[in-house]
Amino acid sequence: MKDATDDMPDNTNTEQKDSARFSRPPRRRRAPGQQGPQRPPEHGNRPRHGGPGEHRPPRRPQTPHQPSHRAAEQGVRRIAIRQQRAYHAHEDQGGARRTEQQAQTYQPTRSNTLRVIPIGGVEEVGRNMTVLEYNDNILIIDIGLQFPEEDMPGIDYIIPNTEYLKGKEKNIVGVIITHAHYDHIGGIPHVIPRLGNPAIYGTNLTLAIIKKRQEEYKDISSQLELHEIKNDTVLRLGVFKIEFFGVSHNIPASVGAIIHTPEGIVVHTGDFKIDEKSDIAGVTELDKLRALSARQQPLLLLSDSTNAREVGKQHSEVDVVTELEGIIRNAKGRLIFGTFSSLLGRLNEIIQIGARYKKKIIIEGRSMKSNVEIAKELGFIKIPKGVVIPVEDMRGYKNHEIMILATGAQGEDRAVLMRIANHEHRFIEVEPGDTFVFSSSVIPGNERTVQRLTDKLYREGVDVINYRLMDIHAGGHAKQEDLKKMIETIRPKFFMPIEGNHSFLCIHGKVAKSAGYTDDNIIIADNGQIVECKGGVCVKTKERVPSDYVFVDGLGVGDVGDVVLRDRQMMAQDGMFVVIVTFDNHSRRVQGNPDIISRGFIYMRESKDLLMEVRKLVRRIVEQSANSHAHTGEINWVYIKDNVREEVGKFLYGKTHRHPMVLPVVIEV
Ligand SMILES: [Zn+2]
């Protein structure tokens, strides 16, 4: 039995999301005033003092006229919880509050000191990026993406924050990419142009997948400078000498890096597992590391913590393949395999077994086809002649002769498996007697969609086999015993867990303790926290570089910040409520009845009385406030609109216990 959380985001998953995103029409322009309830639209906004923009109203104006206009205590608490939730991710994971204040305070690099800065990936699974800096030399390892949390409506994904590297572009000597999973390459199209397009180094498969993905970003990203490395390549980039070692992982051609710096050797494992029984998922070159360690004790080990919570050892890929072979051998009907499209080692095995049992294989799904094609060209997959057939030819064969390899094992809406389950696939109709085999784990966050897909399939009367029923999946990451083995093989002076949530790193730290390390030698850093190494000693400093979230939304990078996100959350929860008032400047009265537009709050036709009361309330507030300042001549619309917002918000809360976003608009005539 395996744990459901042992896999990283995979490009099957991502590509489905990507394709959905890039086929969607361009986003509509944002309506004025959308920035939020505390920032009234410019229209009708006449500050009493100073010119526009000179005197931004405080969030809650502290005027003495202001009634104590907070909603019922309960309501206040509700808002507070929401705002907390809005920032939660930052406070807990990104340290955004801290970095906002401290962004400017980091010191220039002390001379002849090695800086190790985890820009991302040490407070989450995703957006991995590590910076090594020595004088005027900056080496980057991985530029990944992170998938948004549920409370980030509209966000496509999150990329590393490269603010620290601004102005230092010329110092960047290169970017090493350990492997082609999206949490290691996904940020490249967005980040690379900002870094002055430095050279990228990776293995053949890694580069091929980066290149393929870059095609989708032609319009926003530059031509990449790609350099292929092999496991035995030695690079000299600035003061750094870099060697590589192969690692076993759920995508072929994954490597770790051995970085010789003037302060000592830093080893970065990338993502890895140790599989002593098989090379299907690649081999972790422990001998190479053992030899390295025998020559010179490495200074620092940065090691994958994704599965640090799991005791024991990762399953061997050969056991998985043996199980799959049993399923293929005994199948009486059609077999439909769902797995990660990047799990090319396993896909190759399935194809070979299929060929042995005289099956015809159909490959379905854009990312699956494209990855298999790339892997075939590079020799990672060998397809015997005549085994793979186009889906259109399926009708010519009996059901038990057919095997389908498909995307969508995470329950993605538009992917092949869901389309089959929904009877929306052009050629493949689900039939009783089919067996669906999910040779994958469930990525955290996808539990519900996978369950929905599974239920749909059960309704169709087909067999479903997943990792809970049989050992048909092995994760790509080392569990505790293997993590310990890595530490003991390298025996570094200092150990720094990376790639995982804070708790994963702490647990990985405990694993290091079981290998004889003490707190003094274990460095658990936060995103952006600078670790300095000098004279054979590494310490975690109090300095931080910016690491708060950079959101990608459509074509925009970084233009969606906390305020926009909080507004989206507010609208998503209780909708919006727009009040439009026409004000006659001569009579100083509201003309006619205020107009009300609401979305996602209440059904207006059934709430006529409520709306009438709101209109009356608004008219009263506007006229009273406008005329209370009659002696000063000009009307303070900022103040009045804040009043409307607060009072209407309070009124609506009293009637409905909901907090829609209230947007007052004043038209002066
Ligand atoms: Zn990975």
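**Confidence first**

Where pLDDT is low, the predicted coordinates should not be read in detail. For the protein as a whole, I noted a mean pLDDT of 84, with 83% of the residues at 70 or more.

**Overall numbers**

I counted up the elements next: 17 helices and 25 strands. The protein has 669 residues, and 48% of them count as buried. Taking contacts with a separation of 6 or more, 76% are between residues 24 or more positions apart.

**The five-stranded sheet**

Which order do the strands of the open sheet take? I read it as S14-S15-S13-S16-S17, with parallel pairing. S14 (360-364) and S17 (463-465) are the edge strands, each pairing on one side only. From one strand to the next, the twist averages 20 degrees.

I then went to one pair in this sheet. S14 and S15 (residues 402-406) run parallel and are joined by five bridges. For a landmark I picked Ile362, whose bridge partner in S15 is Ile404.

**Helices around it**

What does H9 touch on the sheet? I found H9 packed against S13 (335-338), S14 and S15, and its direction makes about 170 degrees with that of S15. H10 (residues 366-377) lies across S14 and S15 and runs at about 115 degrees to S14.

H9 has a helix partner too. The axes of H8 (residues 317-330) and H9 (residues 344-356) come within 10 Å and cross at roughly 35 degrees. I noted the crossing as right-handed. On the H8 side, the contact is made by Glu317, Val320, Val321, Leu324, Glu325 and Ile328. On the H9 side, I listed Gly345, Arg346, Glu349, Ile350, Ile353 and Gly354. Sorted by class, that contact has six nonpolar, two polar and four charged residues.

I moved on to S9 (240-247) and S10 (254-261). They pair in the antiparallel sense over seven bridges, and Lys241 has His260 in S10 as its bridge partner. The two strands form a hairpin with six residues between them.

The hairpin from S10 to S11 goes through two residues. I checked the cover on S10 as well, and seven of its eight residues are buried.

I placed Asn112 in the loop between H3 (96-102) and S1 (114-120).

Is Ala253 buried or exposed? I get buried, because 26 other C-beta atoms lie within 10 Å and the cut-off for buried is 20 or more. And Asn112, buried or exposed? That one is exposed, because its count is 11 other C-beta atoms within 10 Å and exposed means 12 or fewer.

**One more hairpin**

Last stop was S19 (residues 529-534) and S20 (residues 537-544), which run antiparallel and are joined by five bridges. Val531 stands opposite Lys540 in S20. This hairpin has two residues between its strands. I also wrote down Gly535, in the turn, with a positive phi of about 60 degrees.

Technical notes: Residues are numbered from 1 along each chain as its sequence is written. This is a predicted model: local features need pLDDT of at least 70, side-chain atom pairs count only at pLDDT 80 or more; totals for chains, interfaces and linings use all residues. pLDDT is the predictor's confidence in each residue, from 0 to 100. Axes are lines fitted to C-alpha atoms, for helices over the stretch in contact, and angles run from 0 to 180 degrees between N-to-C directions. Helices (H or I, at least four residues) and strands (E, at least two) are DSSP runs, numbered from the N terminus. A crossing is left-handed if the near helix is turned anticlockwise from the far one by less than a right angle, and right-handed if clockwise. Two residues are in contact if their C-beta atoms, placed from the backbone, lie within 7 Å. Ala, Val, Leu, Ile, Met, Phe, Trp, Tyr, Cys and Pro count as nonpolar, Asp, Glu, Lys and Arg as charged, and the others, Gly among them, as polar. Two strands pair if DSSP finds at least two bridges between them.
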